[in-house]
Structure formats: C-alpha cells, structure tokens
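Here is a short note to read beside the model. Please follow each point on the structure as you go.

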Amino acid sequence: MAANLVARRLSGQAVSTSRPCAPATLCAHGRCFNGRVHSTAPGFEKAFMGDDFGARDPTPGEIGSNFGEKIVMNWDTEHIIKPPDAIGEHIGLSSRKCQDAGSLQLLDEQLRERLRQQVPGWRINSNKEGLQCIRQEWTAKDGAAAQQLVAKLQEIAQQHGHALSSAEAISSTVVAEITTPAKGGLTENDFIIADRINSTDLTELLAQRKARFWA
C-alpha cells in the first residue's frame, strides 16, 4: 500500500482529497515540481486575498506524527504562488504606488503577512534600531558588482518615492533592509519598494547559480 501511495504521488495522481500542483505553482526554495501533491484548500490566493491557494503548511498533528520521515521529497518548503504576470496590472503590489508619509499607517500582523507573500525572498526581521523591517540578501558576481547592486537598489527606492533603511555590501554579499522609521515599523510603502526591486532584472550583477539536477 505504501509503495502504491508513493507511486501515485510521483506520478502526479491525486491522493485522498489532495491534488497535484498547478503548472504555475512554485516553491520558494525551488524544490517542488508539478508532480507533487498538495492539499486543496478553499478560498482565494493567500498572496492576494489572505488565504491558501492549493498548498498549505502541515498541521501540528501532522508534525507530531513525524509524517515528514515517511514521505518522498521535501515536506517543509515554503510555497509561493506565481500568478499570471498580467494580474499585477489589476491587483497586488504591482498596481500600487508609494503614499506620502501622512497617509501611511503601520501594518497589522495579518496584512503584513499578506503583503510578504507577494514579495518572495524578503523576510520580516528587526533592524539595528529594533524596528520591524523586511530584509533580503543577494550574492553578487564580485565586490565591484556588489557596490553597483547597492547603488541600483537605492536608485530604485528613490525613483518610487521611498528609501531603503539600509543597503550594504560585505565582500560579494549585499544585504538590504526596508522599513518606515517615521511610522516606527513596516508600512505598505516598504513592500511596494520590495516588489519594484523584485521586478527589476539584476542578473547582470548577480553570481550565476549552479544548476541542480534531479535523479
């Protein structure tokens, strides 16, 4: 029975109330592909509507059962949904513009998480001043490219009416943090700038990733 279950999973067949990933579904760590089975959850996209979309995190009961030791592949990856590119023209951060400081409000936890889902690679953290921020790291080709990347990130933020909390190059690693000090933490503007950075092609400055092969 176990062998049959594994075979069905690897072949992309649905198991119980689950279904295979949609073709546009990606994992944040790149370790999920279309044949893997995820649970079907009702509701709209978590990235835009605050609910799950075709994949979910394991429940406390599932974690307690150590089911992760009995399945194939990786069960603990964070799942990010990649919607059609055109959808950004109508909803989501791509359709938003930075507001003036007087219009901004601190984000509550639910809205923070909803916006974070729209900026893959960015993590909520605390900066040196203890303010909540979003943080991202890149590996540049070399030290010179890292300095160019810092300048590019600052330029993107300024073009859209906001500023990076910090951006620094340590050897070939670039670390950027975004927050709104005047409001004491994270606002929508911070996530809008993260979205604009994610939408910018930075490949000419970044180190080439090694190809991964699957057996």
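**Notes on a helix and its neighbouring strands**

1. Exposed means over 50% relative accessible area, buried under 20%, and partly exposed in between (1.4 Å probe, protein chains only). Helices (H or I, at least four residues) and strands (E, at least two) are DSSP runs, numbered from the N terminus.

2. A word on the source. This is a predicted model: local features need pLDDT of at least 70, side-chain atom pairs count only at pLDDT 80 or more, and totals for chains, interfaces and linings use all residues. Residues are numbered from 1 along each chain as its sequence is written, and side-chain values use heavy atoms, with hydrogens and water left out.

3. Which residues of H5 are buried? They are Ala145, Ala146, Leu149, Val150, Leu153, Ile156 and Ala157. They cover an arc of only 150 degrees around the axis, so they sit on the same side of H5. The arc is that of the directions from the helix axis to the C-beta atoms. An α-helix has 3.6 residues a turn, so residues three or four places apart point the same way.

4. The buried residues of H5 pack against S6, S7, S8 and helix H6 (188–198). Contact here means heavy atoms within 4.5 Å.

5. Check the length of H5 (residues 143–159). Its 17 residues should span 24 Å at 1.5 Å a residue, and its end C-alpha atoms are 25 Å apart, which agrees. The expected span is 1.5 Å times one less than the number of residues.

6. Now the strands. S6 and S8 (residues 173–178) run antiparallel and pair over six bridges. Two strands pair if DSSP finds at least two bridges between them. Tryptophan 138 has valine 174 in S8 as its bridge partner, and glutamate 137 stands opposite valine 175. Strand S7 (residues 166–170) is also antiparallel to S8, with five bridges.

7. Why is S8 largely enclosed by the rest of the structure? Five of its six residues are buried.

8. The whole structure holds one aromatic pair. Rings of Phe, Tyr and Trp (its six-membered ring) pair if their centres lie within 6.5 Å; planes under 30 degrees apart count as stacked, over 60 as edge-to-face and the rest as tilted. Both tryptophan 122 and tryptophan 138 are buried.
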